[in-house]
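User: I have a structure to study and would like to go through it step by step. Could you guide me?

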Amino acid sequence: MVPVFSKVAVIGLGTMGAGIVEVFAKADFPVYAVDGSTELAERGRGFVTKSLERAVSKGKLSEADRDATLERITFTAELSDLADADLVIEAVPERMEIKHSIFTALDDIVRPDAILASNTSSLSLTEVAAGTRHPERVVGMHFFNPAPVLQLVEVITTVLLADDVADAIRDLALKLGKKPVVVGDRAGFVANALLIPYLARAIALYQTGKVSRVDLDNACKVGIGLPMGPLTLSDLVGLDVVHEVCEVMYAATKRASDASPSLLRQLVLAKRLGRKTGQGFYDYSADAGAEEDAGTDAMTASAAIVGKGELATQLAGAFAKAGVTVTAIDDPETDVADLAGSPLVVLVGGAEAECANCDSGECDVEGKDADSACCSGAAPGNWFSDVAEVLDARTVVLAADEASEFAVAGVLDDDVALLPLRVHQETKHGQVAEFGVSLGTTDEQAAMVRATLTAAGFVPVAGPARPGLVVDSLLFQHVGDAVAMVDAGYATPQDVDTAMTAGCGYPRGLFAILDDLGADVVADGLLEQGSVDPTVVPNPLLVEHAVRDLPFLD
Ligand code: 3HC
């Protein structure tokens with residue numbers, strides 16, 4: 001018989017449980033909201049009331065609707081009250097023994113045909129189900145934080161589940177205005193299996209001390225356009241939850257990047273769990289000082305922009321607007337002797353123009369890439385190397401693309417700071433200009449570059465001068481994980497994109513991003529990243545798409 005849901009119960013009234021209660025009550029379902037004691041049930045009432053108040057104060061809910069919603073909820077500490085529930089969703093802490101004791105107790109309370117759902121984000125649903133008297137009615141119903149806002153519901157099936165239950169839960173999720181994705185029982189399901197390793201990589205990078213927390217968050221929020229940076233999001237999800245999912249993921253995959261970073265473990269042991277305890281990567285207490293703004297005091301007074309193209313024009317305009325005296329050189333015939341002693345020289349996309357023979361395909365520079373028709377600007381005596389020859393340690397050189405970097409590497413004196421610069425596409429949060437620092441970069445040089453980019457209206461991100469810098473190393477590996485999930489036959493590209501947009505608020509799914517970038521660009525980027533971290537390898541399916549130039553989405 002197809003289950004019908006009239007009366008719903010939610011057990012566990014923490015952040016997620018209270019959010020789930022609100023979702024059902026707002027959708028006109030009578031709800032039992034249960035926690036382990038009267039105090040905890042009252043605390044849950046407080047969470048739901050506060051959230052509804054917030055909606056009222058924003059004009060999204062009338063006071064009458066708030067009252068009607070609260071009236072539909074029965075807050076209780078008694079499991080025995082749930083005898084007439086058609087669906088019970090547990091959202092208790094992620095410990096198997098707690099889940100088992102609740103499901104065992106429910107076996108004696110609810111009707112044999114009532115559906116038991118778990119909001120577990122990390123434990124094996126099959127193990128939860130197998131411990132009950134009727135495993136065929138135990139299903140996963142995984143909501144995302146904040147549950148009233150995010151639309152994804154992962155419906156998790158097991159090999160023990162009765163045929164019609166997943167469909168009934170999917171239909172229910174649709175009735176709640178959610179977007180369901182039905183998948184099997186695998187560590188992390190879809191969204192967490194992609195989100196949590198990305199968070200763990202970001203935390204592992206942060207713990208190296210090579211990137212500040214604000215830069216790291218800006219790299220993803222502003223650089224990629226995600227709703228929050230990874231450290232802010234970890235604090236929202238709860239560091240204990242991120243840690244638990246890492247443990248489960250690592251146990252299942254044994255992939256180094258899934259392991260819980262030691263800083264995360266330390267914060268969990270220290271009970272700094274993020275927003276819910278007032279401190280995590282950030283301090284949420286009322287007396288926490290505001291993040292220090294580096295300001296623009298250290299910016300350069302003058303800069304040379306050498307090169308052609310849109311980015312060169314954008315940088316020259318933005319620097320000039322910021323009050324920097326700009327020398328823009330876009331003609332290879334210009335005498336560059338005057339650049340000696342410049343504090344800042346930016347090389348942009350001009351490398352192709354350096355070797356006259358490249359354009360005609362007749363370049364015969366010794367040592368050029370055998371497969372390539374040209375020397376990519378590496379020709380001796382080229383424009384950029386003329387510039388490189390006049391510069392000394394007084395100058396910081398920013399190379400805005402690989403070709404420019406390649407054109408001067410080996411020509412510049414060793415004591416000249418050559419930093420990679422990548423200006424990312426503008427997103428709704430701003431535009432990131434990311435630069436790489438290496439062992440030879442002084443604090444003053446990094447501060448000068450940061451201050452100049454800030455004054456020019458960019459959001460600066462400084463990280464190690466390694467392949468992909470911060471933005472592309474996190475993004476490409478995140479995308480690479482999604483391809484591996486599809487290659488494993490667990491989810492479709494459409495499922496993944498629904499999960500990440502509806503569950504994590506991504507403005508576009510990972511496959512939409514991948515198709516935009518091109519599979520070849522991501523595969524090449526991962527290969528480059530693999531040159532410094534051998535655990536990074538492009539998935540074979542990604543390589544196939546790259547070779548055949550095939551998008552993942554229709
Ligand atoms: N409850 C109810 N509504 C909330 C809310 C909450 N806790 N938090 C935010 N909102 C509402 C606001 O009222 C606002 O509504 P409005 O636009 O209609 O006025 C809307 O959400 C946007 O909120 P804000 O303007 O305050 O802030 P943002 O625009 O930054 O949005 C956010 C906040 C919705 C949290 C957004 O940043 C986001 O989607 N972040 C990503 C969160 C995410 O990835 N969650 C998934 C984590 S993984 C998970 O939960 C699974 C688990 O198993 C680990």
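**Domains and ligand**

Analyst: This is a predicted model, and the domain assignment divides the protein into domain 1 (8-183), domain 2 (191-269), domain 3 (296-464) and domain 4 (472-548).

User: How many residues does each side give to the contact between domain 2 and domain 3?

Analyst: Domain 2 contributes 13 residues to that contact, and domain 3 contributes 14 residues. About 900 Å² is buried between domain 2 and domain 3, and carbon and sulfur atoms give 65% of that area.

User: Which of the 20 residues around the ligand come nearest?

Analyst: Those are R54, K60, S121, H142 and N145. For R54, a polar side-chain atom is 3.0 Å from a nitrogen atom of the ligand. For N145, a backbone N or O atom is 2.8 Å from a nitrogen atom of the ligand.

User: What about C504?

Analyst: A polar backbone atom of C504 lies 3.5 Å from an oxygen atom of the ligand. The ligand taken alone exposes 1000 Å², and 68% of that is buried by the protein.

User: Back to N145. What kind of peptide bond joins it to P146?

Analyst: The bond between N145 and P146 is a cis peptide bond, with omega at about 0°. P146 is found in the loop between β6 (138-142) and β7 (152-156).

User: One last topic. What is the phi of D28, and where is this residue?

Analyst: D28 has a positive phi, about 75°, although it is not a glycine. D28 sits in the loop that runs between α1 (15-26) and β2 (31-34).

Definitions and conventions
Residues are numbered from 1 along each chain as its sequence is written. This is a predicted model: local features need pLDDT of at least 70, side-chain atom pairs count only at pLDDT 80 or more; totals for chains, interfaces and linings use all residues. Side-chain values use heavy atoms; hydrogens and water are left out. A residue is near a molecule or strand if one of its heavy atoms lies within 4 Å of it. A polar contact is a pair of N or O atoms within 3.5 Å; within protein, one must be able to donate a hydrogen and the other to accept it, and residues adjacent in sequence count only if both atoms are side-chain atoms. Accessible areas come from the Shrake-Rupley method with a 1.4 Å probe; for residues, only the protein chains shown count as cover. Domain bounds come from an automatic or database domain assignment. Contact means heavy atoms within 4.5 Å. Buried area is the accessible area (1.4 Å probe) that two parts lose on being put together, summed over both. Helices (H or I, at least four residues) and strands (E, at least two) are DSSP runs, numbered from the N terminus.
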